[in-house]
Amino acid sequence: MKVLVTAATQPEIKPLMSWLEEEVTINGQIEVEVVITGIGMFSTAYHLGKYFAKKRPDLAIQAGIAGSFQHSWPIGETVVIEQEVLGDLGVEDNDQYKDLFDIGLWNTDMPPFTHNYLPNTSKFAQHLRRARGVTVNMVSGSAPTIARLEEKYQPDIESMEGAAFHYCCLMEKIPFLQLRTISNYVEVRDKSKWNIPLAVTNLNNTLRALLQEIK
């Protein structure tokens, strides 16, 4: 079985990469390749498109840290993103934001969308909490922006790459899994409340355990 593990930045999965240097194959049958795509949707789409043009993994995993809209979810928890939406691809109509579905440039359920979102029905990692993701070009750090996203999309997790990953995998019909570990809450920006080291540690422990469990 061939598995692609992709992340926006190397520090997010550096512990896994160090482990993989010693584990050429896992359980004697899992081959893992790592691709660092860079930050953001366009960079993610480019690097995944380039990779998928040459190789077709049996499973693609995107891993990274992220902010959570759910303050009851603990920092350090790893979740599986079961659906993604694009949070800032659209227009401003006076004081109202409208996405491309709202203004009719995109049609509901046009491939690979399902009711305006990008789904993932993967059965991997069933023990992890399922979450809704929103992907943005600018990380939310003000009350009006956060309120807009929550009112329109009811997201649980915010990232800058998730939707691009879902889109590429769905279009290419490649089984996939997006893992996000909570490093902070989506609120008025205050990095003193973040815990990136804990999130990175827990993310990589989850990745390692998952790879060892895949048959």
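Which hand does the crossing of H2 and H4 have, left or right? The crossing of these helices is right-handed. The model is predicted.

- Strand E9, residues 129–135, pairs with strand E5, residues 78–86, in the parallel sense, and the pairing spans seven bridges.
- For glycine 133, the bridge partner in E10 is isoleucine 157.
- Together with helix H3, residues 143–153, the strands E9 and E10 form a β-α-β unit that is right-handed.

**Helices H2 and H4**

- Helix H2 covers residues 41–52 and helix H4 covers residues 162–172; their axes are 9 Å apart, and the packing angle is about 30°.
- Because angles under 35 degrees count as roughly parallel, H2 is roughly parallel to H4.
- On the H2 side the contact involves Met41, Thr44, Ala45, Leu48 and Phe52, which meet Ala164, Phe165, Cys168, Cys169 and Glu172 of H4.
- Sorted by class, the residues of this H2–H4 contact are eight nonpolar, one polar and one charged.

**Helices H1 and H5**

- The axes of helix H1, residues 10–20, and helix H5, residues 196–213, cross at roughly 40° and come within 8 Å.
- This angle makes H1 oblique to H5.
- The crossing of H1 past H5 is right-handed.
- H1 contributes Pro11, Glu12, Ile13, Lys14, Pro15, Leu16 and Trp19 to the contact, while H5 contributes Val200, Leu203, Asn204, Leu207, Arg208, Leu211 and Gln212.
- By class, the residues of the H1–H5 contact are nine nonpolar, two polar and three charged.

**Loop between E7 and E8**

- Proline 112 lies in the loop that runs between strand E7, 96–99, and strand E8, 118–119.
- The peptide bond between proline 111 and proline 112 is cis, with omega about 5°.
- Asparagine 116 is also placed in the loop between E7 and E8.
- The phi of asparagine 116 is near 80°, which is a positive value in a residue other than glycine.

How values were computed: Residues numbered from 1 in each chain as written. Predicted model: local features only at pLDDT ≥ 70, side-chain atom pairs only at ≥ 80, totals over all residues. Heavy atoms only, no water. Pairing = 2+ DSSP bridges. Helix = DSSP H or I, 4+ residues; strand = E, 2+ residues; numbered from the N terminus. Right-handed = clockwise from strand over helix to strand, strands pointing away. Axes fitted to C-alpha atoms, helices over the stretch in contact; angles between N-to-C directions. Parallel < 35°, antiparallel > 145°, perpendicular 65-115°, else oblique. Left-handed = near helix turned anticlockwise from the far one by under 90°. Contact = heavy atoms within 4.5 Å. Nonpolar A, V, L, I, M, F, W, Y, C, P; charged D, E, K, R; others polar.
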